Amino acid sequence: TFNLKSPPLVHHQRILIEQNVHHLLIRVLKAPVDANSVPPTPGSGQPSAEQCSHQLLAVLCYQLLQQMVVGSPEFACKLSNYIPFFQSQLGMHAQVADTLMEVFKNNSLLLSHLSDHILTCFVSLCTRPKKEAQYLRFLCELCVCDGQPIPRNQDIICQRFMEMKEKIIFPVRYDPQLQTLIVKMPADFVFEEPNSDPLLTQFKLSMAFSHRTHGHSNSLLPGLPSLSHVAASVLAQQRSVNTWSLYRKATDKPGHAVFTADTWYTLKDFHALAPAQAIEYFGLTLSLLSWFCLGDNFNTEAKVRGFITEKMLTAALLHVEKEGDPPSLATDLPIPFMEKLWCIVAEV
């Protein structure tokens, strides 16, 4: 019925909501799982087919919940009672944050009544060593509604964010020798390697609905492959060559510049050498800083200026050929960073 990249089908959404399908999906997600089926912690070994089956089922449940409410604050409010449960699932399933983001997106009723605890809880997720760009995206959604700022949410999120910035934000500073803004990635910031998630990056969910069953039965949908069979296919793909390793080997060749953590880079070099996930994360950090200041919020503006000063912004965006000449726009600044920095300038 739904396609994750297609416009929402409101009539179909309404039918599922009226039939209380969302309650049934929550019951599935809350169903007790045998302790032996809980996915192992990173580094403890490959998950079994049974463990992947449970994970796959959860992913499908969250994707359906997400599509049931996308674009409709009215339908999203039907899930409001389950927000504490979704919070408890964050970090366990990759789709939870995306589902929550759709619940809150442009939903003025929910966004204006979020408790301090919920808002600070979402900031705390960003302090984990493993960095997730989707959490920053989520915080951006909590600060605005239909393009308009929500001052209370801005204040609470920004206050907590800045208190814990050493665990969240890439440090930036002005380099007087280079006369520009420089940035570094702390060594204890961890980003998931591409293709490391067998359910979301290596596996096409459409496989689960293929009519070529290869003799396997499905207790949920007769005639389709069982989840255990699908999960076994996932594991087979996961054991294939890891493209992240290939990328690292390619950049580690003699004569090639190698990106290293805890090293200061200009924005141009950072954009050229850093892993894609780190670049996306840093870019979203800049976006969030601009959202903090949207709408002339003087409290948050002061906090943002304390982190990224006017001198840093000027040095990054403008270039002076020689003393006395009028400044010109920096031409070597990566466009994604340039746009986000100008958004900060416009607000502060």
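A residue is called buried when its relative accessible area is under 20%, exposed when it is over 50%, and partly exposed in between, as computed with a 1.4 Å probe and for protein chains only.

The model is predicted, and therefore local features are described only at pLDDT of at least 70 and side-chain atom pairs only at pLDDT 80 or more, whereas totals for chains, interfaces and linings use all residues. Residues are numbered from 1 along each chain as its sequence is written, and side-chain values use heavy atoms, with hydrogens and water left out.

**View 1. The protein chain as a whole contains 17 helices and nine strands.** Helices (H or I, at least four residues) and strands (E, at least two residues) are DSSP runs numbered from the N terminus. Of the 348 residues in the protein chain, 44% are buried. The chain exposes about 18,200 Å², and 56% of this area is supplied by carbon and sulfur atoms; accessible areas come from the Shrake-Rupley method with a 1.4 Å probe, and for residues only the protein chains shown count as cover. Among contacts (heavy atoms within 4.5 Å) between residues at least 6 apart in sequence, 68% join residues at least 24 apart.

**View 2. Aromatic pairs include one formed by Phe170 and Phe189.** Rings of Phe, Tyr and Trp (for Trp, the six-membered ring) pair if their centres lie within 6.5 Å, and planes under 30 degrees apart count as stacked, over 60 as edge-to-face and the rest as tilted. A search of the whole structure finds 17 such pairs. In the pair of Phe170 and Phe189, the ring centres are 5.7 Å apart and the planes stand at 50°, so the pair is tilted. Phe170 belongs to the loop between helix H10 (151-163) and strand E4 (172-175), and Phe189 to the loop between strand E5 (180-183) and strand E6 (190-191), so the pair ties together parts that are 19 residues apart in sequence. Phe170 and Phe189 are both buried.

**View 3. Phe259 and Phe270 form an edge-to-face pair.** The centres of these two rings are 5.8 Å apart and their planes lie at 70°, which is why the pair counts as edge-to-face. Phe259 is in the loop between helix H12 (243-251) and strand E7 (265-266), while Phe270 is in helix H13 (residues 267-273), so parts that are eleven residues apart in sequence are tied together by the pair. Phe259 counts as buried because its relative accessibility is 7%, and Phe270, with a relative accessible area of 0%, is buried as well. One aromatic cluster is formed by Phe170, Phe189, Phe191, Phe259, Tyr265, Phe270, Tyr281, Phe282 and Phe337.

**View 4. Lysine side chains sit over the rings of Phe85 and Phe189.** A charge sits over a ring if NZ of Lys or CZ of Arg is within 6 Å of the ring centre and within 35 degrees of the ring normal. The charged end of Lys30 is placed over the ring of Phe85, 5.3 Å from its centre, and Lys131 lies over the face of Phe189, 4.4 Å from the ring centre.

**View 5. Strands E4, E5 and E7 form an open sheet of three strands.** Two strands pair if DSSP finds at least two bridges between them. The order is E4-E5-E7 with antiparallel pairing, and E4 and E7 are the edge strands, each pairing on one side only. E4 and E5 pair over four bridges, with Ile182 of E5 as the bridge partner of Arg173; E5 and E7 pair over two bridges, with Tyr265 of E7 as the bridge partner of Val183. The hairpin of E4 and E5 has four residues between the strands, and there Gln179 takes a positive phi near 55°. With a relative accessible area of 54%, Gln179 is exposed.

**View 6. Asp146 has a positive phi of about 55° although it is not a glycine.** Most residues other than glycine have a negative phi. Asp146 occupies the loop between strand E2 (144-145) and strand E3 (148-149), and at 57% relative accessibility Asp146 counts as exposed.

**View 7. Asn107 is a buried loop residue.** Asn107 is found between helix H6 (96-104) and helix H7 (108-111) and has a relative accessibility of 1%. Not counting residues up to four places away in sequence, Asn107 touches Pro73, Ala76, Cys77 and Cys145.

**View 8. Cys61 is buried, whereas Cys343 is partly exposed.** The relative accessible area is 5% for Cys61 and 40% for Cys343. The structure holds zero disulfides, a disulfide being a pair of cysteine sulfur atoms within 2.5 Å.
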